Amino acid sequence: VKFGQLPVAACIPLVFVLPFFFVTYGGGGDGKTPPGPVALPVFGNWIQVGNDLNHRNLVGMAKKYGDVFLLRLGVRNLAVVSDPKLAAEVLHTQGVEFGSRPRNLVWDIFTDSGKDMVFTEYGDHWRKMRRIMTMPFFTNKVVAQYREMWQEEMNAVVESLRAAPTEGVVVRRRLQLMLYNIMYRMMFDVRFESAEDPLFQQATRFNSERSRLAQSFDYNYGDFIPILRPFLKGYLEKCRDLQSRRLAFFNDNYVEKRRKVMSTRDGSSDRLRCAMDYILEAEMNGEISSDNVLYIVENINVAAIETTLWGMEWALAELVNHPSCQKRLREELQRVLGEEPVTETSLPRLPYLQAVVKETLRLHSPIPLLVPHMNLDAAKLGGYEIPKRTKVIVNAWWLGNNPEWWVRPEEFRPERFLEEEGEVEAMVGGGKVDFRFLPFGVGRRSCPGIILAMPLLGLVVGKLVKEFEMVPPPGTEKIDVTEKGGQFSLQIAKHATIVFCPVLAA
Ligand code: HEM
């Protein structure tokens, strides 16, 4: 068992405290709470299950304990849901009851105890933040406003890849700059000139350090076992220091500049130019505070960029490893579009391209366990009682990869979404929801960014496949698609190096 960095000194208080805690939690044995391994005093199940509760390890436990099971991790409860009907309960039927987010000591720091939107509890604050963010980020009008800009940024990637070395490029690096530019242009009407731009380097460093500290298992011991919290002081200080420098970076370089631009404009129709202008208007109207404004920026930095990037990286890697799929996709693009470029408006005419995107999100869901949910009050699920404030995880990856529900789920086969799964959509707005396929979640806390992420994924994949034959680097047969999981993410362990051979015009 790995205890992260449980300091040796931290064990001393436990030796004294253990005997007094010799009361078991009754981990499922009382027939009320969901089944799970028998919990030890103080540690609960932490010793048995360890830290790495990734989507695959949780499948192993679901096979043993059932479609909903409960783990006790010190003082924290964790319920894991692995069945489409129960997922529908959590996300839809009892969407209000399970609509909060758990926090821990570290997330409390990174959200200032819920001043943001993504990690805040369900209630008036969340509702207001989600409403205020919707208009400038998550509508069809926004897509229409920015599709030309997306084209521009993607064409720049295509151009740079034409000059790429024949031994291949780590494609993630080009796409990361592109996605930062897309999101920062939408947010602030600014762009980074190159990957060497010092502001770009600072932004990526701040964001990746934040992800590392928030997703690490190293702070579990203090989060699970309150008596050990003093030993986390140094770690929490590091988080606080990073967060204050990071928010100051967003504020000084971007938010303040938009405030100035806003204050010099009159009431003309051109007043609201980018998303930040709408957010600042909500601040001026007294709806949200300046802290809330900064946390909206922080949330977009966390939720929008890397997630979409992981999706793109997985899709391209799988297309390299499946040349027949790549060929079929190129044929579709050439047949439907001919000389026309791939644009946002052409996506509905490209069913195989959409199938490729869906298959990528099924097999390699960038957020395989969704963002954790939480019930503020005790609730019922599948006939069991879920204690209040339990962290509730839906194993969305398993819903999309369980062989009971999918034909040979381990295969990358986009055709499934044109054949036996032809009805299944990732869009969860109007149509019928299939609770086996939830890469963006569903219901109140579902991903509002789906409206941007799906076209961005389709466009990048479509453009690159139309322009290039993508192959593995010389001397390699396949791209290594080994996974690397975190508390949230499912990434490719080794960033894919791909050779881009321009497709000659017929
Ligand atoms: C939440 C997936 C891109 C903004 C989520 C959730 C998932 C998800 C699974 C949690 C759903 C739940 O808890 O039930 C993805 C994937 C993406 C992506 C796979 C790309 C491939 C984006 C983008 C944006 C965004 C581009 C913004 C521009 C958000 C926000 C939330 C969220 C704000 C929190 C919603 C709430 O708590 O009410 N996303 N996302 N996401 N996502 Fe995304």
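## Terms and basis of the model

A residue is termed buried when its relative accessible area is under 20%, exposed when over 50%, and partly exposed in between, with a 1.4 Å probe and protein chains only. Helices (H or I, at least four residues) and strands (E, at least two) are DSSP runs, numbered from the N terminus.

The model is predicted: local features need pLDDT of at least 70, side-chain atom pairs count only at pLDDT 80 or more, and totals for chains, interfaces and linings use all residues. Residues are numbered from 1 along each chain as its sequence is written, and side-chain values use heavy atoms, with hydrogens and water left out.

Helix H12 spans residues 275–284 and is mostly covered, with seven of its ten residues buried. The buried positions are Ala275, Met276, Asp277, Ile279, Leu280, Ala282 and Glu283. Contact here means heavy atoms within 4.5 Å. The buried residues of H12 pack against H6, helix H7 (140–162), helix H8 (171–188), helix H11 (233–264) and H13. Just after H12, Gly286 adopts a positive phi of about 80 degrees.

Phe137 belongs to helix H6 and counts as buried because its relative accessibility is 1%. Leaving aside residues up to four places away in sequence, Phe137 touches Val142, Met187, Ala275, Ile279, Ile296, Ile300 and Leu452. Of these contacts, Ala275 and Ile279 are also among the buried residues of H12. Phe137 and Ile300 are 163 residues apart along the chain, and their C-alpha atoms are separated by 9.6 Å.

## Asn301 in helix H13

Asn301 is located in helix H13, residues 290–303. With a relative accessibility of 3%, Asn301 counts as buried. Its contacts, not counting residues up to four places away in sequence, are Tyr180, Tyr184, Met187, Asn207, Arg246 and Phe250.

The side chain of Asn301 also makes a polar contact with the side chain of Tyr184, at 2.8 Å. A polar contact is a pair of N or O atoms within 3.5 Å; within protein, one must be able to donate a hydrogen and the other to accept it, and residues adjacent in sequence count only if both atoms are side-chain atoms.

## The iron-containing ligand

The iron atom of the ligand has a single protein donor, the SG atom of Cys447, 2.3 Å away. Donors are N, O and S atoms within 2.8 Å of the metal (3.2 Å for Na, K and Ca); water is not among the atoms, so sites may look incomplete. Cys447 lies in the loop between helix H17 (396–399) and helix H18 (450–467). Of the 26 residues around the ligand, Arg101, Trp126, Arg130, His373 and Cys447 come nearest. A residue is near a molecule or strand if one of its heavy atoms lies within 4 Å of it.

An N or O atom in the side chain of Trp126 is 2.9 Å from a ligand oxygen, and a polar side-chain atom of Arg130 lies 2.8 Å from a ligand oxygen. For Val371, a backbone N or O atom is 3.2 Å from an oxygen atom of the ligand. Helix H6 (124–137), helix H14 (305–321) and H18 each supply at least two residues of the shell, and the largest share, three residues, comes from H18.

## The mixed sheet

Four strands form an open sheet in the order S1-S2-S7-S4, with mixed pairing. The edge strands are S1 and strand S4 (373–374), each pairing on one side only. Two strands pair if DSSP finds at least two bridges between them.

Strand S1 (residues 68–73) pairs with S2 in the antiparallel sense over six bridges. Two residues separate these strands in their hairpin, where Gly74 takes a positive phi near 60 degrees. Strand S2 (residues 76–81) is mostly covered, five of its six residues being buried. S2 and strand S7 (residues 391–394) pair in the parallel sense over four bridges, and Val80 stands opposite Ile393 in S7. S4 and S7 pair in the antiparallel sense over two bridges, with His373 opposite Val392 in S7.

Val42 has a positive phi of about 60 degrees although it is not a glycine. Val42 lies in the loop between helix H1 (8–17) and helix H2 (46–49), and it counts as buried at 9% relative accessibility.

Leu370, also not a glycine, has a positive phi of about 55 degrees. Leu370 is placed in the loop between helix H16 (351–363) and S4, and at 7% relative accessibility Leu370 counts as buried.
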